[in-house]
Amino acid sequence: MFTTASAHGHRADLPPPPPAPVDPDLGPELAPGERPESQAPALLAIALGGGLGAVIRYGATVLWPTPDGSFPWTILVVNVVGCAAMGVLMALLTEVWPEAPRLTRPFLGTGVLGGFTTFSTYAVDVQTLFDGGSPGRALGTLSLTVAAALAAVSGASWLTRSAVRLGRAEGSLA
């Protein structure tokens, strides 16, 4: 026996899907006729955080420059550290401080860590190594950065969540 779709596009025997989650930085959905809150504060927080993160990254490249044709270790480390920090930040914001001020995540996550990490420079480094006759280094950079960044964000998030759970079990965290 077949069921027909209802007027809303759902099968008659299935409940409608749950509403999509709301990004806490954007706030709740607007009611009809309601004006959206200005995004200027979030944009300012992202811009200020991004500038700070970019300055820190630039400082790392000045302190540990990569000679032409060499493996770009500094950018690899910057991206891995930034991804690990993102894993820690998001775990803390969801597990320990879910009521953090609205601009915390845009400032620290999108801004500081987004400005600190640099996957565009990573892509340019890969292209430069290929064009410079170092395909092995280029492929090493290409694969190692992605693998290390993913491992860093997931590992740091897991470790942070585990530490929070352990702290709660021992009574040291609320």
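**View 1. Buried residues of helix H3 in the predicted model.** In helix H3, which spans residues 104–116, the buried positions are Thr 104, Pro 106, Gly 109, Gly 111, Val 112, Leu 113, Gly 115 and Phe 116; buried means under 20% relative accessible area, exposed over 50% and partly exposed in between, with a 1.4 Å probe and protein chains only. The buried residues of H3 pack against helix H1 (40–63) and helix H2 (73–95), where contact means heavy atoms within 4.5 Å. Helices (H or I, at least four residues) and strands (E, at least two) are DSSP runs, numbered from the N terminus. The model is predicted, so that local features need pLDDT of at least 70 and side-chain atom pairs count only at pLDDT 80 or more, while totals for chains, interfaces and linings use all residues. Residues are numbered from 1 along each chain as its sequence is written, and side-chain values use heavy atoms, with hydrogens and water left out.

**View 2. The contact of H1 with H2.** Helices H1 and H2 pack at an angle of about 150°, with their axes 9 Å apart; axes are lines fitted to C-alpha atoms, for helices over the stretch in contact, and angles run from 0 to 180 degrees between N-to-C directions. Arg 57, Ala 60 and Thr 61 of H1 make this contact with Thr 74, Ile 75 and Val 78 of H2.

View 3. When residues up to four places away in sequence are not counted, Ile 75 touches Thr 61, Thr 118, Thr 121, Tyr 122 and Asp 125.

**View 4. Leu 92 and its contacts.** Leu 92, found in helix H2, counts as partly exposed because its relative accessibility is 35%. Apart from neighbours within four places in sequence, Leu 92 is in contact with Trp 97, Thr 160 and Val 164. Leu 92 and Arg 161 are 69 residues apart in sequence, yet their C-alpha atoms are 7.6 Å apart in space.

**View 5. The whole protein chain.** The protein chain has five helices and zero strands, and buried residues make up 26% of its 174 residues.
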